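The following exercises concern one protein structure. Please examine the sequence and the model, then work through each solution in order.

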Amino acid sequence: METGAAVVELQRNSTNFANIVEEILKLEKKIFPKHESLSRSFDQELRKNNTGLLYMMDLHGEVVGYVMYSWPSSLSACITKLAVKESRRRQGHAEALLKAAIQKCRTRNIHRISLHVDPLRIPAMGLYKKLGFQVDSLIKCYYSADRDANRMYLDFDSN
């Protein structure tokens, strides 16, 4: 990860909120297929009391990636999105974002974090396993008729 890049929590009352969200939405639309993108419901997601978003900004003020997470109960959380600009991948940004989200969940006394990932996304699978996530099950046709997902989890009790 480049020196000076920082993970920041998105705050609705910050002066640059609209600009940051606009950059994140551009990234969302570019990375995820339309049926997997939250771009149409992004603002709704952010308004939920149990949703958090962390983003990484480089030295030039450019958003290079983000992670969105939610905690549907007091004991569990879910990583709903993790994305890094294609040109900035394999530089530790996703790992830093994911670690920051895990730490946020730990401060809420969450016991388990889950996520879904296409098993063909080898770098993502490797990152999740590196940070202690384990495959729980394969969900057929999760993303589309021909794309499955691994449901993965991280238990804090076992770490």
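**Exercise 1.** Determine which residues leucine 98 is in contact with, leaving aside its neighbours within four places in sequence.

*Solution.* Contact requires heavy atoms within 4.5 Å. Under that condition, and with those sequence neighbours left aside, leucine 98 touches Ile79, Leu82, Leu127, Tyr128, Leu131 and Phe133. The model is predicted, so local features need pLDDT of at least 70 and side-chain atom pairs count only at pLDDT 80 or more, while totals for chains, interfaces and linings use all residues. Residues are numbered from 1 along each chain as its sequence is written, and side-chain values use heavy atoms, with hydrogens and water left out.

**Exercise 2.** State which residues touch the most other members of the largest nonpolar core.

*Solution.* A nonpolar core is a set of buried Ala, Val, Leu, Ile, Met, Phe, Trp, Tyr and Cys residues joined through side-chain atoms within 4.5 Å. Buried means under 20% relative accessible area, exposed over 50%, and partly exposed in between (1.4 Å probe, protein chains only). The largest core has 30 residues, and those touching the most other members are Ile79, Leu98, Ile102, Ile113, Tyr128 and Phe133.

**Exercise 3.** Classify glutamate 95 as buried or exposed.

*Solution.* Glutamate 95 is found in helix H3, where helices are DSSP runs (H or I, at least four residues) numbered from the N terminus. Its relative accessibility is 19%, so glutamate 95 counts as buried. Beyond its neighbours within four places in sequence, glutamate 95 is in contact with Leu127, Lys130 and Leu131.

How values were computed: Helix = DSSP H or I, 4+ residues; strand = E, 2+ residues; numbered from the N terminus.
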